[in-house]
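This report goes through one structure, from its aromatic rings to its strands and helices. The structure comes first.

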Amino acid sequence: MKYWLLKSEPEAWSWDNQVKEGASMWEGVRNYQARNNLKEMKKNDLCFFYHSVKQKSIVGIVKVVKEHYPDPTDETKRFVVVDVKATKKLRNPVSLDQIKGNNKLKDIALVKQSRLSVMPIKKIEWEEIIKLSSISYNK
């Protein structure tokens, strides 16, 4: 199993939208590195759901329920989607400031590649963020 972080502007697609929708496509990615990360995702991989722009915090966890396939919103046919399903809301959202202030998270992609919308998360980073969120999470 691998771990990931997916970024979304809450005005466009929020955690509440994801919960209400159930399983849904993670579409609209138009960056090649992010696309390659989507292609690496496997069924049952776990992803943090990150609200970008104003909130700048991890608010929940989604699970990959369908591996990559062509993005139906992409006329160029270069990009892909995965389907994800909400599995758990974080009791305490973990802010970007908390992440930046935590020495165990100093190399996290969210800080090193802040513009990337789909990024891998190391297991040790996943576990630290789970601790910060005050939840317990068993796969």
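## Aromatic pairs

The structure holds five aromatic pairs (rings of Phe, Tyr and Trp, the last by its six-membered ring, with centres within 6.5 Å; planes under 30 degrees apart count as stacked, over 60 as edge-to-face and the rest as tilted). One of them joins tryptophan 15 and phenylalanine 49: the ring centres are 5.5 Å apart and the planes stand at 75°, so the pair is edge-to-face. The pair links distant parts of the chain, 34 residues apart, with tryptophan 15 in helix α1 (residues 15–21) and phenylalanine 49 in strand β3 (residues 46–51). Helices (H or I, at least four residues) and strands (E, at least two) are DSSP runs, numbered from the N terminus.

## Basis of the values

This is a predicted model, in which local features need pLDDT of at least 70 and side-chain atom pairs count only at pLDDT 80 or more, while totals for chains, interfaces and linings use all residues. Residues are numbered from 1 along each chain as its sequence is written, and side-chain values use heavy atoms, with hydrogens and water left out.

## The sheet

Six strands form an open sheet with mixed pairing, in the order β2-β5-β4-β3-β1-β6; two strands pair if DSSP finds at least two bridges between them. At the edges are β2 (23–26) and β6, each pairing on one side only. On average, neighbouring strands of this sheet are turned by 40° against each other, direction ignored. (Axes are lines fitted to C-alpha atoms, for helices over the stretch in contact, and angles run from 0 to 180 degrees between N-to-C directions.)

Ten bridges pair β4 and β5 in the antiparallel sense. Lysine 63 has lysine 85, in β5, as its bridge partner.

## Helices on the sheet

Helix α2 (residues 32–40) packs on the sheet and touches β1, β4, β5 and β6, where contact means heavy atoms within 4.5 Å. The direction of α2 makes about 55° with that of β6.

Helix α5 lies across β1, β3, β4, β5 and β6, and runs at about 45° to β5. The buried residues of α5 (residues 123–133) are Glu125, Trp126, Glu128, Ile129, Ile130 and Ser133. Just after α5, serine 134 takes a positive phi of about 65°.

Technical notes:
Buried < 20%, exposed > 50% of the residue type's maximum accessible area, 1.4 Å probe, protein only.
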